[in-house]
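Please look through the sequence and the model below.

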Amino acid sequence: MFAAERQQEIMRLARESGRVDVLSLAEEFQVTAETVRRDLKALDRAGLVRRVHGGAIPAGNLDFEPDLAERDTVAADEKERIARAALGELPGDGSVILDAGTTSARLAAGIPVESRLTVVTHALPVAARLADHPGIALHLVGGRVRHRTRAAVDAWALRAYGEIKADAVFLATNGFDVEGGLTTPDLAEAAVKRAAIAAARRVVLLADSTKFGQQHFARFGDLANVDLLITDTGLSPDDARSIERQGTEVVRA
């Protein structure tokens with residue numbers, strides 16, 4: 001395959017999934033990672049993609065937000081490992097906020113039947129997984145529901161989070177970066193995430209490594225606001241150390 005043909009195929013994959021990563025492309029095309037990086041550099045210079053940590057996204061798609069079903073299939077094994085590791089961070093008998101996100105929903109689905117917790121969430125998929133749990137006192141935060149994420153946003157949600165103080169929040173993000181902080185494409189969703197951070201004594205970020213280096217339109221916090229990041233081994237030790245210098249503990253599951 002000629003370089004131009006390979007780059008055209010890279011563009012197609014980027015448009016379909018919203019992101020491509022170097023290692024997957026190298027395996028797909030049976031070329032070296034360095035060859036893929038040269039392809040991405042050429043596409044970036046042409047204004048067709050925007051390079052991010054470990055890969056690229058289509059140009060102009062810093063606010064790209066795939067729907068829930070599509071996001072659930074991305075890094076599925078890594079999200080399962082992250083969710084399992086997060087189970088160990090649940091308080092023995094206390095209160096938690098579960099943010100909207102596919103990894104948060106996996107955490108909710110894995111909470112043991114013997115657990116006794118108060119759970120607050122503005123995410124319909126999370127609430128659906130916990131509605132029949134015998135040991136969970138479930139509080140569903142209301143508001144306008146965003147169809148793309150099935151999460152409640154706006155004034156009702158912000159008011160509810162302003163009235164509580166939970167032991168911990170298990171937070172989701174579309175992107176995290178040492179300098180850019182925590183970001184998501186939607187301003188209303190960012191406001192609720194910010195309120196959830198303020199409503200908890202401890203902040204646990206659940207984010208797979210493909211999100212590292214990504215920056216989206218709406219910023220809702222810094223890594224310094226995060227007590228613990230649970231991610232996967234795709235995050236390099238050097239990047240983990242750079243995050244820990246912000247005061248955040250890092251677990252690579």
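Helix H6 (residues 102-110) is largely enclosed by the rest of the structure, because seven of its nine residues are buried. Buried means under 20% relative accessible area, with a 1.4 Å probe and protein chains only. In H6 the buried residues are Thr102, Thr103, Ser104, Ala105, Arg106, Leu107 and Ala108. Helices (H or I, at least four residues) and strands (E, at least two) are DSSP runs, numbered from the N terminus.

This is a predicted model: local features need pLDDT of at least 70, side-chain atom pairs count only at pLDDT 80 or more, and totals for chains, interfaces and linings use all residues. Residues are numbered from 1 along each chain as its sequence is written, and side-chain values use heavy atoms, without hydrogens and water.

The axes of helix H2 (residues 22-29) and helix H3 (residues 33-45) come within 8 Å and cross at roughly 110°. Axes are lines fitted to C-alpha atoms, for helices over the stretch in contact, with angles from 0 to 180 degrees between N-to-C directions. H2 and H3 are therefore roughly perpendicular to each other, a term for angles of 65 to 115 degrees. Val22, Leu23, Leu25 and Ala26 in H2 meet Ala33, Val36, Arg37 and Leu40 in H3, where contact means heavy atoms within 4.5 Å.

The largest nonpolar core has 32 residues, and Phe176 and Leu205 have the most contacts inside it. Such a core is a set of buried Ala, Val, Leu, Ile, Met, Phe, Trp, Tyr and Cys residues joined through side-chain atoms within 4.5 Å. Beyond its neighbours within four places in sequence, Leu205 is in contact with residues including Leu171, Phe176 and Ile230.

Notes. Buried means under 20% relative accessible area, exposed over 50%, partly exposed in between (1.4 Å probe, protein chains only). Angles under 35 degrees count as roughly parallel, over 145 as roughly antiparallel, 65 to 115 as roughly perpendicular and the rest as oblique.
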